[in-house]
Amino acid sequence: MTPAIDLAKKRNLDYQVHEYTHDSNAASFGLEAAEKLGVAVTQVFKTLVVITDTGVLAVAILPVDKTLNFKKMAKALSSNKLLSCKKVQMADPKQVERSTGYVLGGVSPLGQKKRLKTVIDSTAQDQATVYVSGGRRGLEIELPPTQLAATLDACFDAITDE
């Protein structure tokens, strides 16, 4: 399958794989996933890679219908002692693909080539399970947010615009 699914198997996570036919014209990969899988957008999370003002990459996992707040992400990285930084911005797509091993639109937080410091939006804790990319477009992994956080050594924090 994909490195994400291989990792979920290896770690014996409580996960389910969901596949759907990806529409290359979809405006939002995440919203498309929610619609095609018939689940609430609050349960489907996107994986974004940011770069800090010190040049270090980090991962933000947030609901597909929300926008990442760069100030909150920088604060979350610093206050949770993951990385020391004052600012973050979206990382260059080529850098994201090199670091994670995944193509944009299919970046999974699981099974990345190099594990990056990760912050999961705190709303994930309100869900019994969340859906994240399985490593390619049209492939999602559903698992408990606590297992996702433990597998990634991630923390939960508020990182979206209200």
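How many bridges join β6 to β7?

1. The answer is 4 bridges, and β6 and β7 run antiparallel. Two strands are said to pair if DSSP finds at least two bridges between them; helices (H or I, at least four residues) and strands (E, at least two) are DSSP runs, numbered from the N terminus.

2. The model is predicted, so local features need pLDDT of at least 70 and side-chain atom pairs count only at pLDDT 80 or more, whereas totals for chains, interfaces and linings use all residues. Residues are numbered from 1 along each chain as its sequence is written, and side-chain values use heavy atoms, with hydrogens and water left out.

3. The order β1-β7-β6 describes an open sheet of 3 strands with antiparallel pairing. Because β1 (16-19) and β6 each have a single partner strand, they stand at the edges, and one side of each is left without a neighbour in the sheet.

4. The largest nonpolar core has 28 residues; among those touching the most other members are Val-49, Ile-61 and Val-132. Such a core is a set of buried Ala, Val, Leu, Ile, Met, Phe, Trp, Tyr and Cys residues joined through side-chain atoms within 4.5 Å. Buried means under 20% relative accessible area (1.4 Å probe, protein chains only). Elements giving two or more residues include β6 (130-133) and β7 (139-143), while α1 gives the most, with 4 residues.

5. Val-132 touches (heavy atoms within 4.5 Å) Phe-45, Ile-61 and Leu-148, among others, not counting residues up to four places away in sequence.

Technical notes:
Buried means under 20% relative accessible area, exposed over 50%, partly exposed in between (1.4 Å probe, protein chains only).
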